[in-house]
Amino acid sequence: MRKSHGPAFRKQLRPLIECAACRGKGVTQGISYELDCLACNASGWVCADTGAALPLEDLVPQLNMKLRNVTAELNRARHSQGGAHEQYEQNNRRGAGGSNYTGD
Ligand SMILES: [Zn+2]
């Protein structure tokens, strides 16, 4: 049974920008090892409005939305490319086979 939790549950995609402190890597170079970047909660992203790291409970769903958008975009790009190619090959095959088919 699912219930809507109302406005409190609504998540909005917030503009994120690359963290300037770690240049989006999420880590900074320590003396002999890499440290989690504190400026962005090691995410590599900060809020575009405030320039500050989002709290983790906000950051995770924000990154999820961002990742889903990017993944969907990638799939779309891959699909439209592959789709056009397949379509062309299918038409070609059908055209050649159709005209040469004699039936015996
Ligand atoms: Zn950072």
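# Exercises around a zinc site

Gln-62 sits in helix α1. Helices (H or I, at least four residues) and strands (E, at least two) are DSSP runs, numbered from the N terminus.

This is a predicted model, in which local features need pLDDT of at least 70, side-chain atom pairs count only at pLDDT 80 or more, and totals for chains, interfaces and linings use all residues. Residues are numbered from 1 along each chain as its sequence is written, and side-chain values use heavy atoms, with hydrogens and water left out.

## Exercise 1: Gln-62

Find out whether Gln-62 is buried or exposed, and which residues Gln-62 is in contact with.

Step 1. The relative accessibility of Gln-62 is 3%, so Gln-62 counts as buried. The cut-offs are under 20% relative accessible area for buried, over 50% for exposed and in between for partly exposed, using a 1.4 Å probe and protein chains only.

Step 2. Contact means heavy atoms within 4.5 Å. Setting aside neighbours within four places in sequence, Gln-62 is in contact with Gln-12, Leu-13, Arg-14, Leu-16 and Leu-54.

Step 3. Now look at Arg-14: its backbone nitrogen lies 2.7 Å from a polar atom of the Gln-62 side chain. For a polar contact, a pair of N or O atoms must lie within 3.5 Å; within protein, one must be able to donate a hydrogen and the other to accept it, and residues adjacent in sequence count only if both atoms are side-chain atoms.

## Exercise 2: The overall layout

Step 1. The average pLDDT (the predictor's confidence in each residue, from 0 to 100) is 82 for the protein, and 68% of the residues score at least 70. Among the elements, β4 has the highest mean, 96, while helix α1 (residues 56–100) has the lowest, 78. Where pLDDT is low, the predicted coordinates should not be read in detail.

## Exercise 3: The zinc ion

Identify which residues coordinate the zinc ion, and what geometry its site has.

Step 1. Donors are N, O and S atoms within 2.8 Å of the metal (3.2 Å for Na, K and Ca); water is not among the atoms, so sites may look incomplete. Here the SG atoms of Cys-19, Cys-22, Cys-37 and Cys-40 coordinate the zinc ion at 2.2 to 2.3 Å.

Step 2. The angles among the four donor atoms run from 104 to 117 degrees, and the site is tetrahedral.

Step 3. Along the sequence, the donor residues are spaced C-x2-C-x14-C-x2-C. Cys-22 lies in the loop between β1 (16–18) and β2 (27–29) and Cys-40 in the loop between β3 and β4, so this pair ties together parts that are 18 residues apart in sequence.

Step 4. Cys-22 is buried at a relative accessible area of 4%, and Cys-40 is buried at 0%. The largest nonpolar core has five residues: Cys-19, Cys-22, Cys-37, Cys-40 and Val-46. Such a core is a set of buried Ala, Val, Leu, Ile, Met, Phe, Trp, Tyr and Cys residues joined through side-chain atoms within 4.5 Å.

Key. Four donors count as tetrahedral if all angles lie between 85 and 135 degrees; four count as square planar and six as octahedral if opposite donors are over 155 degrees apart and all others between 65 and 115; anything else is irregular.
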